[in-house]
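Here is a walk through one model, interface by interface.

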Amino acid sequence: MKILTLNFLTCARKTCKSSPAAFPLHPRDAELEIVETEFNALFIQNILPRVEWDALKGLCTELGLTNVPPEAPEPKELFDTSIKSAGIDEKEKEPTQLTRDLHNLLLETTIQSGKLVCGNCGHEYAIKEGIANFLLPSHMV
Amino acid sequence: MDYLVRFVQVHESFRRAELEALADLHNIKLDVVNYQSNYPYCLVRLQSEAAARLLISRSILGQGIYELWGIGTSYEELHEDVRRRSGHKWSEFRTCSFRFSVVGFQYKMKTSEQRKIIESFSYLDFEGPIVMANADTEFFVFQEHDLSVEIPRMLYLCRFIANSDRDVITKYDLKKRHYISTTSMDSELALVTANMAQAAPGKMFFDPFVGTGSFPIACAHFGARSIGSDIDGRSIRGKPTCNLMSNFTQYALTGRWLDGFVSDLTNTPLRLDRVLDGIVCDPPYGVREGLKVLGTKDGSGTEAVYIDGKLAHLQEGYIPPKRPYSFEAMLDDILDFAARTLVDSGRLAMWMPTANDEDVEFAIPTHECLEIVSICVQPFNKWSRRLLTYRRLGGVAVPAATKTSKRSNGTGIHADDLNSFRKKVRDCAALYSNGILTR
């Protein structure tokens, strides 16, 4: 499970949805792996405003990842604007190292196995072979 | 400028909707001048040839796009229109190599007849060499007939501009895909669905009933990245060498598959914020595959269960109980979920079944935050299904009260009570097996 996906997940219980403590889920016994994947700066640019930055920082601290900028990067930081030449196509803009680092953090860093714990109800969701299981027993539905 | 889109003569009710979805995606101003669902040729007005190329580039139900040089109901009318409409263009193509073809729709022509038609255009006065392969320019005479009528209905002379993306259907053919299940969507309609939902580079998509990943694969073909979930984890995990991920590997699209997780849409772990660009899904109809959600049929199991003093649901191999659910309630849940998670103008493309003889019965679900863009029907022998496309309206907040479903919220006990479509199919099957109906 990618760090990016984790930023979109809360506890599955309906009673936890409104609680701020249910997001983000806290990883426990997480085994991390870097899985290289296709880089796409446009995707990073589009997805960045939808990432809850404080949750991302908290999660990375818990996982021992230190390469997270303290503030959410501005869109203009994602592309190199120093080579100023008129008529350069949107698509041909050169992504910065920051964008590549974000790609590495959000899309290439994955949790292969471990648990995700809800900060509100304490329920644990297992991750096995990178696939998390959010099914609930009947008394939690 | 007038252009002619040549459609394939299948999935007729999807064709115009797909073209309009693509025009909207590419910000192309598209005016459909003449379109009829029982003919393959559709006359459109576009700003430029570049727009025409872009419009057709990822179409699945279009075959190609052509510049219109003339139109008429008889050859006299056609020749007259060609002179008037395109006389100023002839000189541009005077010296390049070219090829002329005559194509009949619902009509077969002898070679001699074709030759006669081609020669009747000799006044175009092209001097370039005639070549059969890789000509610089290709001209087509389309002769459109009504079924078994000798006299043509409409005639077109066109210059070929570009082909569509239709060839990829064979690339994603289910017969060649390593990991599929009984209800995998065929590649053609999966790609059309991705087009309706406007999957494109940089976008994030979600399929809540991902199964073996037919929709995310189609979205990935068009550049979007997807996450998927399914209540049945076995479909995502598959076998070590043959699973959802290996399908993406097969097509070299691994980078466009974000994550799959096991969950139930009625108890989704997704953060209910406006984070998705598109949702594509084919919800279980409850006939071939069960339509179930978490919970117990009789409302029991309200207490945690312990086995040997340990919580049962935290043990290895625990399978949570599931109960049947109403299909109508599931549709409402999907719409509510889409309203909460789609960005402005984000799209939901969703399939739903309907029994043929009660076409009007299965109401199309609506939501105040979602605008219906198109309704396309795929008829089968005894039933049909529809692809519904919705667009998330901007500036409309989800009313707090919509969570309580308008219909019965699926509290019945048996699958047949909950799902009128399933009941219909099963009743029908019973009539056949009792010999009351014959096929």
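The contact between the chains draws 40 residues from chain A and 48 residues from chain B, where contact means heavy atoms within 4.5 Å. This is a predicted model: local features need pLDDT of at least 70, side-chain atom pairs count only at pLDDT 80 or more, and totals for chains, interfaces and linings use all residues. Residues are numbered from 1 along each chain as its sequence is written, chains are lettered from A and ligands numbered from 1 in the order written, and side-chain values use heavy atoms, with hydrogens and water left out.

The size of an interface is often given as the accessible area lost when the parts come together. Chain A and chain B bury about 3400 Å² between them. Of that area, 59% is on carbon and sulfur atoms. Buried area here is the accessible area (1.4 Å probe) that two parts lose on being put together, summed over both.

Five salt bridges cross the interface of chain A and chain B; the rule asks for a side-chain nitrogen of Lys or Arg within 4 Å of a carboxyl oxygen of Asp or Glu. A:K128 and B:E316 form a salt bridge, at 3.5 Å from N to O. Between chain A and chain B, 18 residue pairs are in polar contact, both residues at pLDDT 80 or more. A polar contact is a pair of N or O atoms within 3.5 Å; within protein, one must be able to donate a hydrogen and the other to accept it, and residues adjacent in sequence count only if both atoms are side-chain atoms.

Next, look inside chain B. Its domain assignment gives domain 1 (2–163) and domain 2 (168–429); such bounds come from an automatic or database assignment. The C-alpha centres of domain 1 and domain 2 of chain B lie 39 Å apart. In chain B, 14 residues of domain 1 are in contact with 21 residues of domain 2. The two domains of chain B bury about 1400 Å² between them, 65% of it on carbon and sulfur atoms. On the domain 1 side, B:F14, B:R58 and B:I60 lose the most area to domain 2 of chain B, together 46% of what that side buries.

How many salt bridges link domain 1 and domain 2 of chain B? The count is one. B:D24 forms a salt bridge with B:R347, with the closest N and O atoms 3.4 Å apart. Seven residue pairs between domain 1 and domain 2 of chain B are in polar contact, both at pLDDT 80 or more.
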